[in-house]
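Hi,

Here is the structure I promised to pass on to you. Please have a look at it first, and then read my notes below.

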Amino acid sequence: LVITDWNMPVMNGLEFVTQLRVLNSDLPVLMLTTNASDKDVIQALKAGVTNYIVKPFAPNTLKEKVIAILDA
């Protein structure tokens, strides 16, 4: 499981996920971001993100998403 953010230095989260998918198409990826529009969510899913959390979020939300991904 990789937990990443959309906004990062050097490359953004979408670029990171796109490059990661070239190396490993099966590794689950959880994207954290302040980008909450439907367009942004769709763009992240198309890039290969497994699941998505919009900031701010409660710790329990992160726990639930991680458990759901690992149980899948």
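This is a predicted model: local features need pLDDT of at least 70, side-chain atom pairs count only at pLDDT 80 or more; totals for chains, interfaces and linings use all residues.

Residues are numbered from 1 along each chain as its sequence is written, and side-chain values use heavy atoms, leaving out hydrogens and water.

Let's start with helix H2, residues 38-47 (helices are DSSP runs of H or I with at least four residues, strands are runs of E with at least two, numbered from the N terminus). Asp-40, Ala-44 and Ala-47 are buried there (buried means under 20% relative accessible area, exposed over 50%, partly exposed in between, with a 1.4 Å probe and protein chains only). They sit on the same side of H2, because they cover an arc of only 60 degrees around the axis (taken from the directions from the helix axis to the C-beta atoms). Asp-38, Lys-39 and Lys-46 are exposed on the face turned away from that buried side. Just after H2, Gly-48 has a positive phi of about 115 degrees.

Next, how many salt bridges does a search of the whole structure find? It finds 1 (a side-chain nitrogen of Lys or Arg within 4 Å of a carboxyl oxygen of Asp or Glu). Asp-5 and Lys-55 form a salt bridge at 2.4 Å, N to O. Asp-5 is in strand S1 and Lys-55 in the loop between S3 and H3, so the pair ties together parts 50 residues apart in sequence. Asp-5 counts as buried at 17% relative accessibility, while Lys-55 is partly exposed at 32%.

Finally, Leu-70 in helix H3 counts as exposed, at 56% relative accessibility.

Enjoy exploring!
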